[in-house]
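Dear colleague,

Here is the structure that I promised to hand over, with the sequence alongside. Please look through it first, and then read my notes below.

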Amino acid sequence: MGKVGGFYGKLREAGIEFYNNFIIKDKTSFKIGGSVECYLTVKNTGELTIAVKSARKWKKELFIMGNLSNVLVTDRKIRKVFVELKGGFEEIKAKGKTSVYAGAGIKISVMLGWLMKHGLGSLEFLAGIPGKLGGAVYMNAGAYGKGIGSYISRVYFTDKKGNCGIIENGREAFSYRHSIFQDNGFIITGVELKLKKRPVEDIRKEMASLIKIRHSKHPWNAYCAGSFFKNDRNYTAGKLIEEAGLKGLTCGKAEVSRMHANFLINKGGAKFKDVVKLANLVKKAVYRKFGIQLEEEVKYVN
Ligand SMILES: Cc1cc2nc3c(=O)[nH]c(=O)nc-3n(C[C@H](O)[C@H](O)[C@H](O)COP(=O)(O)OP(=O)(O)OC[C@H]3O[C@@H](n4cnc5c(N)ncnc54)[C@H](O)[C@@H]3O)c2cc1C
């Protein structure tokens with residue numbers, strides 16, 4: 001437990017669990033990251049509102065984390081407060097025959113297991129994607145041409161002032177690996193999903209087969225953040241990087257995966273700057289060969 005007074009005094013008074021000077025590395029899928037000013041967990045909207053309002057009052061910058069599987073975090077000191085949604089935010093419940101409410105803190109894998117058990121299909125394409133629902137909505141995560149945004153009928157959020165609200169889905173809220181939450185800074189607290197009934201066994205088989213395909217194509221158990229660069233209607237980043245001859249290229253302990261060129265991996269002990277340098281080398285080489293400017297899908301946190 002951390003300091004007393006001001007922002008931290010308020011957290012303590014509200015019973016919010018927090019840790020100062022927390023080394024974040026082990027919570028990231030890249031296994032890279034330094035000491036953050038504070039890591040805290042909130043269990044419900046009441047605690048989240050207190051954290052947001054207090055951060056505003058005492059000028060603390062919040063970073064809302066999912067499972068940290070799509071971010072590259074600096075290994076320097078980070079003057080941010082990392083907030084994880086837990087407890088009540090991990091809830092999932094039926095809302096009618098084919099609608100489901102799920103909290104932003106639930107793991108995608110746990111949610112998919114629950115949906116399968118209840119014979120609700122549509123999101124099978126997410127099988128094997130690590131992360132939490134909030135992160136998946138923020139990123140409009142997906143695969144095989146599908147994104148989670150297409151199945152969302154409502155998003156519950158808390159804004160920068162700590163006010164809660166609901167967004168009824170407009171299709172414009174989501175596009176390829178993008179959601180309006182990347183622009184408005186709202187915190188996603190839960191969503192309502194519109195799904196389809198499907199036999200449990202069909203769902204199970206499809207998810208098992210998709211995971212098998214993933215494991216055969218991706219270095220899924222390497223320290224990484226999945227696809228590093230965004231694809232486009234006209235190209236896949238992995239193909240461009242491979243055709244530019246960059247598989248196996250290294251900077252320090254960071255490497256362009258030999259298995260899938262769009263995965264930049266930490267071979268153990270890589271620094272933030274190694275991965276950034278490698279990403280820049282890849283971008284330059286691809287631009288020189290194809291005249292295409294790759295754009296990062298992974299979010300830098302520094
Ligand atoms: C091996 C591997 C394979 C992957 N394969 C895929 C894939 O096929 N398709 C795909 O789309 N992604 C893939 N990813 C990337 C990643 O798993 C997804 O983007 C995932 O949805 C991110 O979720 P997260 O909870 O880890 O988010 P984080 O990495 O923690 O956060 C990502 C961003 O979302 C923001 N955020 C998180 N939660 C909230 C919230 N509640 N409210 C507001 N903002 C929030 C964070 O601030 C951050 O900017 C892969 C990653 C790995 C490691």
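Three strands form an open sheet in the order S17-S18-S19, with antiparallel pairing, where strands are DSSP runs of E with at least two residues and helices are runs of H or I with at least four, both numbered from the N terminus, and where two strands count as paired if DSSP finds at least two bridges between them. Its edge strands are S17 (250–251) and S19 (264–266), each of which pairs on one side only. S17 is joined by two bridges to S18 (residues 254–256), the two running antiparallel, and Thr 250 stands opposite Glu 255 in S18. Across S17, S18 and S19 lies helix H8 (residues 272–290), which runs at about 25° to S18; contact here means that the C-beta atoms of two residues, placed from the backbone, lie within 7 Å, and angles run from 0 to 180 degrees between the N-to-C directions of axes, which are lines fitted to C-alpha atoms and, for helices, over the stretch in contact.

Please keep in mind that this is a predicted model, in which local features need pLDDT of at least 70 and side-chain atom pairs count only at pLDDT 80 or more, while totals for chains, interfaces and linings use all residues. Residues are numbered from 1 along each chain as its sequence is written.

A further open sheet has five strands in the order S6-S7-S15-S11-S12, again with antiparallel pairing. S6 and S12 (164–168) stand at the edges with a single partner strand each, so one side of each is left without a neighbour in the sheet. From one strand to the next the twist averages 20°. S6 (residues 92–94) and S7 (residues 99–103) pair over three bridges in the antiparallel sense, with Ile 92 opposite Ala 102 in S7. These two strands form a hairpin with four residues between them, and Gly 96 in the turn has a positive phi of about 100°. S7 also pairs with S15, antiparallel and over five bridges, and Gly 103 has Gly 190 in S15 as its bridge partner. Further along, five bridges join S11 (residues 152–158) to S12, which run antiparallel, and Val 155 stands opposite Ile 167 in S12. Helix H2 (residues 45–57) lies across S11, S12 and S15, and runs at about 50° to S11.

As for the ligand, 32 residues surround it, the closest being Gly 66, Gly 131, Gly 134, Gly 135 and Gly 226; a residue is near a molecule or strand if its C-beta atom, placed from the backbone, lies within 6 Å of it. Two or more residues of this shell come from each of S3 (62–65), H4 (133–139), S9 (142–143) and S15 (187–194), and H4 gives the most, with five residues. The shell draws at least three residues from each of domain 1 (6–85) and domain 2 (90–217).

On the whole protein, the division is into domain 1 (6–85), domain 2 (90–217) and domain 3 (237–301), with bounds that come from an automatic or database domain assignment. The C-alpha centres of domain 2 and domain 3 lie 28 Å apart. The protein has eight helices and 20 strands, and along its principal axes the C-alpha trace spans about 55 × 50 × 30 Å.

With best wishes
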